[in-house]
Amino acid sequence: MALSMQNPTSTMEKAPSTTIFDSLPPELIHSILDFVDLEPPSIGETRPVAYDSLSPGEDWYNFTRNRRTLLSLCRTSSQFLSYAQPRLYKTVVILDEESLVLFFRTIAGNAELTPLTRFFSCHITLTRQPVARNIREALAKHCDRSATAGLRVYRFSNISDRTPEGVMCFILLHLHRLETLLLQVPICDDYQEPEYTTLLTDLMIARNHFPDPPLRHSVRVINGLSEHPIFRLPPKTPFMHLKTLMLQGDPEMREYFENEGCDEVPESWGVATMRYLPLCWISPKLTTLEISSDDGIFDFPDVSFAAAGLSLDKIRHVYLHDSVTSPHNLYRLLKNVPKLETLYLTARLDDGPLPDLEYMEYDNSSEAHPESLDAALTKYGQNLRHLDVGWFEIFGLGSLIGAGGRLSTLPKLKKLEKLCIQLSVLYGSEVAPVPLANLLPPNLIELTLADWWWTDIDAYDEMQDWTVEERLKHYRSKKDYRANALKNLIQYAADSLTSQPKLKKLLLLCHIPWTWTTGGGMELDFHFDEVKKAFQKRGVEFQVGEA
């Protein structure tokens, strides 16, 4: 897989001057190449172990095959090089240490390729000792000494030499047309200090060397060092086009911590999001922040970002995957990202987000905490268009969600168009006889109701080991619950015609399927025929799915 990260022209054999493809129109060639375009990977995916071990349908299978195809096309002829090379370098994915070094070598000697890259992702954690050692060995193997020595110029801070960070700093500073960056980062303190802080410091310092707007034709040399090309800062300002930043918590380390046999799990672990704010500050067009396996902490510095010129009001979308962020930390997030339009959170299934001692006085209280999620939506959530948050359990601290453990502010969010909400968060600690339509925003287009209550956690943990008899017992115990749920949904189909007139789609998401089916030949949506008809009558698509 590393081979595709070097310049294809450097390994091209002599190709025929003309081929049968010369007569094909460019539109047809581009249509053919569309089938081997590189689809950027999603956040949180573990890198493949080996190329030959991948099977059709697995993650990375299509990507690795398509990348090899594009590389082969680049070596076919000069004509195909002109078609395939932009596609090959538009999406650059680093899966191992050798690929990182080969890509570094390629752009160091071929500046004309750097504007092609729009998506760059690195799926190795630079601070892990084996990774750092492999990078140094690959540099010695593939790069001459002057190029390797030149990395010192990309170490602006006074902290001791960190070669992997120097390589990454060089790459990021040169990809000046980059729009999306996925950076794999550590998830525990053993690997977080001081290395990634050093990389971020270097990027901040280097960014200050560029004028804004950039001096397009200047070539500046830092500290009067060698004229070797690697010593020169690129003539165009980096990070000016970056729109999406993805911080991927090391998935291999995460799998290690989540293994039942692991006895070295830290008390708390996850991506320390606050340490990576410099990447937001140096990217003036950044609108989307996506994080996997965060540490749940959004304690922003007690300073005025605006006064320091470090405002986060340009961020519009935040996605938190496998998160331990609790409701009161979402208050702090919304407060410091005041123009947020999308807030998405999927919870990590572990011991849950333990609250600070200062919140214990609100334990099981019907009074809302001052920094509850409901308070955050009231003060800072008026721009939200998409809200999707939920937890497996909150340890009885419903007050951190809102009064009575529910979000009462939802009907006031007039811009909200897409909502995924748990029934436990919608109704709170007590299911009052309030029509569903009265609990929801007025301009919804898509609604997902997650059939989840805090008391479901024990059943959720145990259901994988249930016998057939235990499944039947659970199903029978939910007879009255099913009847009330179906009645309320049919009533909502009628009420929503006036309360949510723009509604087009409703999904009921079941976390415990045995509430609605006994298995065997009984489908999950067996009970919902009348509900479907009621919503179809008013033009709404109704579906039932398993979480």
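Predicted model: local features only at pLDDT ≥ 70, side-chain atom pairs only at ≥ 80, totals over all residues.
Local features require pLDDT of at least 70 and side-chain atom pairs pLDDT 80 or more, while totals for chains, interfaces and linings use all residues. Residues are numbered from 1 along each chain as its sequence is written, and side-chain values use heavy atoms, with hydrogens and water left out.

The secondary structure of the protein comprises 17 helices and twelve strands. Helices (H or I, at least four residues) and strands (E, at least two) are DSSP runs, numbered from the N terminus. The protein has 547 residues, of which 52% count as buried. Buried means under 20% relative accessible area, exposed means over 50%, and partly exposed lies in between (1.4 Å probe, protein chains only). Contact means heavy atoms within 4.5 Å. Among contacts in the protein with a separation of 6 or more, 80% come from residues 24 or more positions apart.

Two packed helices are described by the angle between their axes and the distance between the axes. Axes are lines fitted to C-alpha atoms, for helices over the stretch in contact; angles run from 0 to 180 degrees between N-to-C directions. Helix 2 (residues 61–74) packs against helix 3 (residues 78–90) at about 150°. Their axes are 8 Å apart. The crossing of this pair, helix 2 and helix 3, is left-handed. A crossing is left-handed if the near helix is turned anticlockwise from the far one by less than a right angle, and right-handed if clockwise. Helix 2 contributes Arg67, Leu70, Leu71, Leu73 and Cys74. These meet Phe80, Leu81, Ala84, Gln85, Arg87 and Leu88 of helix 3. By class, the contact of helix 2 with helix 3 has eight nonpolar, one polar and two charged residues. Ala, Val, Leu, Ile, Met, Phe, Trp, Tyr, Cys and Pro count as nonpolar; Asp, Glu, Lys and Arg count as charged; the others, Gly among them, count as polar.

Helix 3 also packs with helix 1 (residues 26–33). Here the angle is about 45° and the axes are 11 Å apart. Helix 1 is therefore oblique to helix 3. Angles under 35 degrees count as roughly parallel, over 145 as roughly antiparallel, 65 to 115 as roughly perpendicular and the rest as oblique. The crossing of helix 1 and helix 3 is right-handed. Pro26, Ile29, His30 and Leu33 in helix 1 meet Gln79, Phe80, Tyr83, Ala84 and Arg87 in helix 3. The contact of helix 1 with helix 3 has six nonpolar, two polar and one charged residues.

Cysteine 74 is buried, at 0% relative accessible area. Cysteine 122 is also buried, at 1% relative accessibility. With a disulfide taken as a pair of cysteine sulfur atoms within 2.5 Å, the count comes to zero disulfides.

Tryptophan 60 is not a glycine, but its phi is positive, near 80°. Tryptophan 60 sits in the loop between helix 1 and helix 2. Its relative accessible area is 6%, so tryptophan 60 is buried. Phenylalanine 239, likewise not a glycine, has a positive phi of about 70°. Phenylalanine 239 lies in the loop between helix 8 (195–207) and strand 4 (244–249). With a relative accessible area of 5%, phenylalanine 239 is buried.

Leucine 472 belongs to helix 15 (residues 468–477). At 26% relative accessible area, leucine 472 is partly exposed. Leucine 472 and tryptophan 514 are 42 residues apart in sequence. In space, the C-alpha atoms of leucine 472 and tryptophan 514 are 7.8 Å apart.
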